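These are my notebook entries on one protein structure. I record what I looked up and what I found.

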Amino acid sequence: MFDFLLKIFIKDYDKTENKDVRSKYGIFSSIVGVICNVILAGIKLLAGILSGSIAIIADAINNISDAGSAVVSFVSFKIASKPADRDHPFGHARIEYVASLIVSFLILSVGFDFFTDSAKKIFNPSLIERVDVTAVTIIILSASIFIKLWLGLFYSVIGKKINSSVIKASALDSLSDCISTAAVLACSVIILLTDLVIVDAIVGLAVSVMILVAGIRILNETKNSILGEAPVDETVAEIKRIVGEYPEIIDIHDLMVHNYGPSNYIASFHAEVNGEDDIYVLHDTIDNVERRIGNDLGILCTIHLDPIAINDETVQHYKQIAIDAAGRIDPKISVHDFRVVTGNTHTNLIFDIVLPFESKLSEKEASELLTSEIQSIEENLFCVITVDRG
(Lines give C-alpha, C1' and ligand atoms only; values in the text may rest on other atoms or scores of the structure.)
Protein backbone atom coordinates (compact mmCIF):
# COMPACT_ATOMS: atom_id res chain seq x y z
CA MET A 1 0.00 0.00 0.00
CA PHE A 2 2.78 2.44 0.90
CA ASP A 3 4.72 1.68 -2.29
CA PHE A 4 1.56 2.38 -4.29
CA LEU A 5 1.26 5.85 -2.72
CA LEU A 6 4.94 6.58 -3.23
CA LYS A 7 4.76 5.51 -6.87
CA ILE A 8 1.90 7.97 -7.46
CA PHE A 9 3.36 11.02 -5.71
CA ILE A 10 7.14 10.60 -6.12
CA LYS A 11 8.82 10.36 -9.50
CA ASP A 12 11.60 7.73 -9.60
CA TYR A 13 10.52 6.66 -6.10
CA ASP A 14 12.80 3.61 -6.17
CA LYS A 15 15.99 5.73 -6.59
CA THR A 16 16.30 6.62 -2.92
CA GLU A 17 20.06 7.19 -3.18
CA ASN A 18 19.33 10.26 -5.35
CA LYS A 19 19.34 13.42 -3.20
CA ASP A 20 16.42 15.00 -5.10
CA VAL A 21 14.30 11.87 -4.71
CA ARG A 22 15.23 11.69 -1.03
CA SER A 23 14.13 15.29 -0.56
CA LYS A 24 10.79 14.53 -2.24
CA TYR A 25 10.29 11.60 0.14
CA GLY A 26 10.86 13.86 3.12
CA ILE A 27 8.59 16.64 1.87
CA PHE A 28 5.80 14.19 0.96
CA SER A 29 5.95 12.45 4.35
CA SER A 30 5.85 15.84 6.09
CA ILE A 31 2.74 16.91 4.17
CA VAL A 32 1.00 13.62 4.99
CA GLY A 33 1.98 14.09 8.65
CA VAL A 34 0.56 17.63 8.80
CA ILE A 35 -2.75 16.56 7.22
CA CYS A 36 -3.23 13.50 9.46
CA ASN A 37 -2.26 15.27 12.68
CA VAL A 38 -4.41 18.35 12.00
CA ILE A 39 -7.43 16.09 11.36
CA LEU A 40 -6.72 14.06 14.51
CA ALA A 41 -6.15 17.16 16.63
CA GLY A 42 -9.42 18.70 15.40
CA ILE A 43 -11.67 15.73 16.14
CA LYS A 44 -9.97 14.95 19.48
CA LEU A 45 -10.14 18.57 20.60
CA LEU A 46 -13.84 18.63 19.79
CA ALA A 47 -14.37 15.36 21.69
CA GLY A 48 -12.28 16.61 24.62
CA ILE A 49 -14.12 19.93 24.92
CA LEU A 50 -17.54 18.29 24.66
CA SER A 51 -16.67 15.64 27.24
CA GLY A 52 -14.50 17.84 29.49
CA SER A 53 -11.76 15.17 29.52
CA ILE A 54 -8.25 16.43 30.26
CA ALA A 55 -6.79 13.16 28.92
CA ILE A 56 -8.48 13.62 25.52
CA ILE A 57 -7.50 17.29 25.32
CA ALA A 58 -3.90 16.33 26.21
CA ASP A 59 -3.95 13.78 23.42
CA ALA A 60 -5.31 16.43 21.01
CA ILE A 61 -2.62 18.96 21.94
CA ASN A 62 -0.05 16.19 21.43
CA ASN A 63 -1.34 15.85 17.85
CA ILE A 64 -1.03 19.61 17.35
CA SER A 65 2.62 19.38 18.43
CA ASP A 66 3.05 16.47 16.01
CA ALA A 67 1.66 18.65 13.21
CA GLY A 68 4.17 21.32 14.19
CA SER A 69 6.91 18.68 14.11
CA ALA A 70 5.85 17.72 10.59
CA VAL A 71 6.11 21.37 9.54
CA VAL A 72 9.63 21.48 11.03
CA SER A 73 10.45 18.30 9.10
CA PHE A 74 9.12 19.87 5.88
CA VAL A 75 11.31 22.96 6.33
CA SER A 76 14.37 20.84 7.19
CA PHE A 77 14.07 18.78 4.01
CA LYS A 78 13.73 21.94 1.93
CA ILE A 79 16.91 23.34 3.50
CA ALA A 80 18.76 20.00 3.37
CA SER A 81 18.17 19.77 -0.38
CA LYS A 82 20.16 22.97 -0.99
CA PRO A 83 23.51 22.30 -2.72
CA ALA A 84 26.87 22.87 -1.02
CA ASP A 85 28.17 26.43 -1.02
CA ARG A 86 31.25 28.34 0.13
CA ASP A 87 30.04 28.57 3.75
CA HIS A 88 28.76 24.97 3.82
CA PRO A 89 31.15 22.91 1.65
CA PHE A 90 29.67 19.63 2.90
CA GLY A 91 26.09 20.59 2.12
CA HIS A 92 23.13 21.26 4.43
CA ALA A 93 21.99 17.71 5.27
CA ARG A 94 22.84 18.04 8.97
CA ILE A 95 19.88 20.41 9.31
CA GLU A 96 17.82 17.21 9.77
CA TYR A 97 19.52 16.68 13.12
CA VAL A 98 18.64 20.22 14.16
CA ALA A 99 15.04 19.51 13.11
CA SER A 100 15.03 16.33 15.20
CA LEU A 101 16.17 18.37 18.20
CA ILE A 102 13.32 20.85 17.67
CA VAL A 103 10.85 17.94 17.40
CA SER A 104 12.14 16.46 20.65
CA PHE A 105 11.88 19.82 22.48
CA LEU A 106 8.29 20.29 21.25
CA ILE A 107 7.37 16.83 22.48
CA LEU A 108 9.07 17.38 25.85
CA SER A 109 7.35 20.74 26.29
CA VAL A 110 3.89 19.28 25.67
CA GLY A 111 4.62 16.29 27.91
CA PHE A 112 5.82 18.47 30.79
CA ASP A 113 2.80 20.80 30.64
CA PHE A 114 0.31 17.95 30.85
CA PHE A 115 2.35 16.10 33.45
CA THR A 116 2.15 19.06 35.85
CA ASP A 117 -1.55 19.70 35.06
CA SER A 118 -2.51 16.05 35.62
CA ALA A 119 -0.43 15.80 38.78
CA LYS A 120 -2.17 18.85 40.27
CA LYS A 121 -5.59 17.29 39.68
CA ILE A 122 -4.54 13.95 41.18
CA PHE A 123 -3.35 15.63 44.40
CA ASN A 124 -6.31 18.05 44.39
CA PRO A 125 -9.37 16.18 42.97
CA SER A 126 -11.54 19.28 43.45
CA LEU A 127 -9.86 20.71 40.33
CA ILE A 128 -11.28 17.88 38.19
CA GLU A 129 -14.32 18.95 36.21
CA ARG A 130 -17.13 16.62 35.24
CA VAL A 131 -16.31 14.30 32.36
CA ASP A 132 -19.15 13.34 29.99
CA VAL A 133 -18.07 10.46 27.79
CA THR A 134 -20.40 9.32 25.00
CA ALA A 135 -20.37 6.66 22.33
CA VAL A 136 -19.19 9.32 19.85
CA THR A 137 -16.13 9.93 22.04
CA ILE A 138 -15.31 6.21 21.97
CA ILE A 139 -15.68 6.06 18.18
CA ILE A 140 -13.45 9.12 17.65
CA LEU A 141 -10.70 7.73 19.85
CA SER A 142 -10.88 4.27 18.23
CA ALA A 143 -10.63 5.78 14.74
CA SER A 144 -7.71 8.00 15.76
CA ILE A 145 -5.74 4.97 16.95
CA PHE A 146 -5.99 3.36 13.52
CA ILE A 147 -5.09 6.61 11.74
CA LYS A 148 -2.06 7.17 13.98
CA LEU A 149 -0.97 3.54 13.60
CA TRP A 150 -1.14 3.91 9.81
CA LEU A 151 0.86 7.15 10.00
CA GLY A 152 3.48 5.56 12.27
CA LEU A 153 3.96 2.65 9.86
CA PHE A 154 4.09 5.10 6.94
CA TYR A 155 6.81 7.14 8.68
CA SER A 156 8.69 3.95 9.54
CA VAL A 157 8.76 2.78 5.91
CA ILE A 158 9.89 6.22 4.67
CA GLY A 159 12.50 6.56 7.43
CA LYS A 160 14.08 3.22 6.53
CA LYS A 161 14.00 3.89 2.79
CA ILE A 162 15.90 7.20 3.03
CA ASN A 163 17.63 6.68 6.42
CA SER A 164 16.21 9.90 7.90
CA SER A 165 16.61 10.53 11.62
CA VAL A 166 13.82 13.13 11.71
CA ILE A 167 11.30 10.78 10.04
CA LYS A 168 12.37 7.85 12.21
CA ALA A 169 11.80 10.10 15.21
CA SER A 170 8.31 10.94 13.92
CA ALA A 171 7.60 7.22 13.42
CA LEU A 172 8.59 6.46 17.00
CA ASP A 173 6.49 9.35 18.27
CA SER A 174 3.45 8.25 16.23
CA LEU A 175 3.60 4.66 17.44
CA SER A 176 3.93 5.82 21.07
CA ASP A 177 0.90 8.06 20.43
CA CYS A 178 -1.10 4.94 19.58
CA ILE A 179 -0.37 3.59 23.04
CA SER A 180 -1.28 6.86 24.74
CA THR A 181 -4.54 7.18 22.78
CA ALA A 182 -5.38 3.55 23.62
CA ALA A 183 -4.88 4.47 27.29
CA VAL A 184 -7.19 7.49 26.86
CA LEU A 185 -9.76 5.21 25.19
CA ALA A 186 -9.60 2.76 28.10
CA CYS A 187 -9.97 5.69 30.49
CA SER A 188 -13.05 6.94 28.63
CA VAL A 189 -14.67 3.51 28.73
CA ILE A 190 -14.03 3.27 32.49
CA ILE A 191 -15.55 6.72 33.07
CA LEU A 192 -18.54 5.83 30.88
CA LEU A 193 -19.17 2.68 32.90
CA THR A 194 -18.22 3.79 36.43
CA ASP A 195 -18.18 7.63 36.47
CA LEU A 196 -14.76 7.59 38.23
CA VAL A 197 -13.46 10.95 36.94
CA ILE A 198 -10.18 10.65 38.89
CA VAL A 199 -9.17 8.06 36.28
CA ASP A 200 -9.05 10.89 33.71
CA ALA A 201 -6.28 12.70 35.63
CA ILE A 202 -4.39 9.44 36.24
CA VAL A 203 -4.45 8.50 32.54
CA GLY A 204 -3.56 12.08 31.62
CA LEU A 205 -0.47 11.70 33.82
CA ALA A 206 0.39 8.34 32.20
CA VAL A 207 0.00 9.83 28.70
CA SER A 208 2.27 12.73 29.61
CA VAL A 209 4.94 10.30 30.86
CA MET A 210 4.79 8.41 27.53
CA ILE A 211 5.17 11.70 25.69
CA LEU A 212 8.18 12.64 27.83
CA VAL A 213 9.84 9.24 27.30
CA ALA A 214 9.40 9.54 23.52
CA GLY A 215 10.89 13.04 23.57
CA ILE A 216 13.91 11.95 25.64
CA ARG A 217 14.53 8.97 23.34
CA ILE A 218 14.50 11.16 20.23
CA LEU A 219 16.70 13.77 21.94
CA ASN A 220 19.25 11.11 22.90
CA GLU A 221 19.41 9.59 19.40
CA THR A 222 19.81 13.02 17.79
CA LYS A 223 22.45 14.04 20.31
CA ASN A 224 24.54 11.01 19.34
CA SER A 225 24.31 11.91 15.64
CA ILE A 226 25.40 15.50 16.30
CA LEU A 227 28.26 14.58 18.64
CA GLY A 228 29.53 11.93 16.26
CA GLU A 229 29.31 8.15 16.47
CA ALA A 230 31.62 5.28 15.66
CA PRO A 231 31.00 3.87 12.18
CA VAL A 232 28.44 1.07 12.18
CA ASP A 233 29.80 -2.47 11.92
CA GLU A 234 28.21 -2.97 8.48
CA THR A 235 30.06 0.06 7.06
CA VAL A 236 33.39 -1.07 8.52
CA ALA A 237 32.86 -4.60 7.16
CA GLU A 238 32.02 -3.29 3.68
CA ILE A 239 35.11 -1.05 3.58
CA LYS A 240 37.33 -3.94 4.70
CA ARG A 241 35.72 -6.22 2.10
CA ILE A 242 36.55 -3.80 -0.70
CA VAL A 243 40.10 -3.24 0.59
CA GLY A 244 40.56 -7.02 0.83
CA GLU A 245 40.17 -7.30 -2.94
CA TYR A 246 43.47 -5.45 -3.40
CA PRO A 247 46.44 -7.64 -2.34
CA GLU A 248 48.81 -4.65 -2.40
CA ILE A 249 47.17 -3.40 0.82
CA ILE A 250 48.40 -5.45 3.78
CA ASP A 251 46.19 -3.96 6.48
CA ILE A 252 44.27 -0.79 7.42
CA HIS A 253 43.95 1.20 10.62
CA ASP A 254 42.75 4.57 11.99
CA LEU A 255 39.45 4.23 10.13
CA MET A 256 37.18 7.22 10.67
CA VAL A 257 33.76 7.87 9.14
CA HIS A 258 32.29 11.37 9.48
CA ASN A 259 28.57 11.92 9.06
CA TYR A 260 27.52 15.19 7.41
CA GLY A 261 23.88 14.18 7.29
CA PRO A 262 22.01 11.10 6.05
CA SER A 263 23.66 9.60 2.94
CA ASN A 264 26.51 12.12 3.20
CA TYR A 265 29.59 10.39 4.60
CA ILE A 266 33.30 11.15 4.48
CA ALA A 267 35.86 8.51 5.52
CA SER A 268 39.60 8.24 5.95
CA PHE A 269 42.03 5.50 6.98
CA HIS A 270 45.66 4.45 6.78
CA ALA A 271 46.61 1.61 4.43
CA GLU A 272 49.76 -0.40 5.14
CA VAL A 273 51.70 -1.42 2.01
CA ASN A 274 55.05 -2.97 1.23
CA GLY A 275 57.59 -0.14 1.30
CA GLU A 276 59.61 -1.88 -1.40
CA ASP A 277 56.81 -1.82 -4.01
CA ASP A 278 56.60 0.75 -6.81
CA ILE A 279 55.13 3.96 -5.34
CA TYR A 280 53.29 4.75 -8.59
CA VAL A 281 51.63 1.34 -8.64
CA LEU A 282 50.63 1.72 -4.98
CA HIS A 283 49.26 5.22 -5.61
CA ASP A 284 47.14 3.85 -8.45
CA THR A 285 45.82 1.11 -6.16
CA ILE A 286 44.87 3.67 -3.51
CA ASP A 287 43.03 5.73 -6.14
CA ASN A 288 41.11 2.65 -7.25
CA VAL A 289 40.10 1.77 -3.68
CA GLU A 290 38.91 5.33 -3.01
CA ARG A 291 36.86 5.22 -6.22
CA ARG A 292 35.35 1.83 -5.36
CA ILE A 293 34.31 2.93 -1.88
CA GLY A 294 32.75 6.06 -3.38
CA ASN A 295 30.85 4.19 -6.09
CA ASP A 296 29.77 1.15 -4.03
CA LEU A 297 29.12 2.75 -0.63
CA GLY A 298 28.53 6.42 -1.48
CA ILE A 299 31.36 7.44 0.87
CA LEU A 300 33.93 10.09 -0.07
CA CYS A 301 37.14 8.43 1.09
CA THR A 302 40.71 9.61 1.59
CA ILE A 303 43.43 6.99 2.18
CA HIS A 304 46.84 7.65 3.73
CA LEU A 305 49.66 5.42 2.46
CA ASP A 306 51.76 3.75 5.19
CA PRO A 307 54.83 1.94 3.76
CA ILE A 308 56.17 -0.79 6.06
CA ALA A 309 59.28 -2.97 5.89
CA ILE A 310 57.73 -6.42 5.62
CA ASN A 311 60.95 -8.09 4.42
CA ASP A 312 63.24 -6.61 7.09
CA GLU A 313 63.80 -9.38 9.63
CA THR A 314 65.03 -6.97 12.30
CA VAL A 315 61.92 -4.78 12.06
CA GLN A 316 59.62 -7.81 12.08
CA HIS A 317 61.47 -9.24 15.11
CA TYR A 318 61.02 -6.06 17.16
CA LYS A 319 57.46 -5.60 15.97
CA GLN A 320 56.58 -9.07 17.23
CA ILE A 321 58.12 -8.19 20.60
CA ALA A 322 55.89 -5.10 20.77
CA ILE A 323 52.78 -7.06 19.71
CA ASP A 324 53.40 -9.77 22.33
CA ALA A 325 54.03 -7.17 25.04
CA ALA A 326 50.81 -5.30 24.14
CA GLY A 327 48.87 -8.57 24.24
CA ARG A 328 50.07 -9.23 27.78
CA ILE A 329 48.71 -5.85 28.88
CA ASP A 330 45.42 -6.11 26.96
CA PRO A 331 44.72 -8.58 24.12
CA LYS A 332 42.61 -5.90 22.41
CA ILE A 333 45.53 -3.46 21.98
CA SER A 334 46.76 -3.35 18.36
CA VAL A 335 50.13 -2.14 17.04
CA HIS A 336 50.70 -0.33 13.75
CA ASP A 337 52.98 2.15 11.94
CA PHE A 338 56.01 0.32 13.31
CA ARG A 339 59.51 1.66 12.58
CA VAL A 340 62.97 0.92 13.98
CA VAL A 341 65.88 3.33 14.31
CA THR A 342 69.07 1.50 15.31
CA GLY A 343 71.86 3.32 17.20
CA ASN A 344 75.20 2.44 18.78
CA THR A 345 73.92 2.42 22.37
CA HIS A 346 70.19 1.77 22.00
CA THR A 347 67.43 1.09 19.50
CA ASN A 348 64.32 3.25 19.14
CA LEU A 349 61.01 1.53 18.43
CA ILE A 350 58.58 4.08 17.01
CA PHE A 351 54.98 2.94 16.67
CA ASP A 352 51.30 3.59 17.35
CA ILE A 353 48.90 1.55 19.44
CA VAL A 354 45.11 1.53 19.57
CA LEU A 355 43.88 1.42 23.16
CA PRO A 356 40.23 0.27 23.50
CA PHE A 357 37.79 2.87 24.81
CA GLU A 358 36.68 0.46 27.53
CA SER A 359 40.24 0.10 28.89
CA LYS A 360 40.66 1.61 32.35
CA LEU A 361 44.27 2.54 31.57
CA SER A 362 45.09 6.12 30.70
CA GLU A 363 47.12 6.77 27.57
CA LYS A 364 50.17 7.58 29.71
CA GLU A 365 49.76 4.42 31.82
CA ALA A 366 49.40 2.24 28.73
CA SER A 367 52.52 3.74 27.16
CA GLU A 368 54.59 3.31 30.33
CA LEU A 369 53.40 -0.26 30.91
CA LEU A 370 54.13 -1.25 27.33
CA THR A 371 57.60 0.33 27.45
CA SER A 372 58.34 -1.54 30.67
CA GLU A 373 57.17 -4.84 29.15
CA ILE A 374 59.34 -4.37 26.06
CA GLN A 375 62.42 -3.35 28.07
CA SER A 376 62.00 -6.47 30.21
CA ILE A 377 62.85 -8.37 27.02
CA GLU A 378 65.71 -6.13 25.85
CA GLU A 379 66.70 -3.28 28.14
CA ASN A 380 68.39 -1.23 25.38
CA LEU A 381 65.07 -0.74 23.55
CA PHE A 382 63.55 2.73 23.83
CA CYS A 383 59.92 3.25 22.80
CA VAL A 384 58.30 6.27 21.17
CA ILE A 385 54.61 5.40 21.38
CA THR A 386 51.58 7.28 20.04
CA VAL A 387 48.38 6.14 21.72
CA ASP A 388 45.03 6.29 19.89
CA ARG A 389 41.67 5.34 21.32
CA GLY A 390 39.51 2.99 19.32
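**Entry 1: A lysine in a helix**

I began with Lys44, which is found in helix 2 (residues 19-51). Helices here are DSSP runs of H or I with at least four residues, strands are runs of E with at least two, and both are numbered from the N terminus. I noted the basis of the work: this is a predicted model, in which local features need pLDDT of at least 70, side-chain atom pairs count only at pLDDT 80 or more, and totals for chains, interfaces and linings use all residues. Residues are numbered from 1 along each chain as its sequence is written, and side-chain values use heavy atoms, with hydrogens and water left out.

Is Lys44 buried or exposed? Lys44 counts as buried because its relative accessibility is 1%. The term buried means under 20% relative accessible area, exposed means over 50%, and partly exposed lies in between (1.4 Å probe, protein chains only). I then listed the contacts of Lys44, where contact means heavy atoms within 4.5 Å. Leaving aside residues up to four places away in sequence, Lys44 touches Ile56, Asp59, Ala60, Asn63, Ile140, Ser144 and Thr181.

I looked up Asp254, which lies in strand 1 (residues 249-259). Asp254 is not a glycine, yet it has a positive phi of about 55°. With a relative accessible area of 24%, Asp254 is partly exposed.

I found Asp337 in strand 4. Its phi is also positive, near 50°, in a residue other than glycine. Asp337 is buried, at a relative accessible area of 18%.

**Entry 2: Aromatic pairs**

A pair of aromatic rings is described by the distance of the centres and the angle of the planes. I applied this rule: rings of Phe, Tyr and Trp (its six-membered ring) pair if their centres lie within 6.5 Å, and planes under 30 degrees apart count as stacked, over 60 as edge-to-face and the rest as tilted. How many aromatic pairs does the rule give? The count comes to 4 aromatic pairs.

The rings of Phe154 and Tyr155 form a tilted pair, because their centres are 6.3 Å apart and their planes stand at 45°. Both Phe154 and Tyr155 are buried. The pair of Phe338 and Phe351 is stacked, because the centres are 5.3 Å apart and the planes are at 25°. Phe338 lies in strand 4 (residues 334-342) and Phe351 in strand 5 (residues 347-355), so this pair ties together parts that are 13 residues apart in sequence. Phe338 counts as buried at 6% relative accessibility, and Phe351 counts as buried at 1%. I also noted a cluster in which ring pairs link Phe28, Trp150, Phe154 and Tyr155.

**Entry 3: The whole protein**

I recorded 11 helices and 6 strands for the protein. Its radius of gyration is 29 Å, whereas a compact globule of 390 residues would have one near 21 Å. This radius is taken over C-alpha atoms, and the globule rule is 2.2 Å times the number of residues to the power 0.38. Along the principal axes, the C-alpha atoms fill a box of roughly 95 × 50 × 35 Å.

What share of the 390 residues is buried? Buried residues make up 43% of them. Of the contacts with a separation of 6 or more, 67% are between residues 24 or more positions apart.
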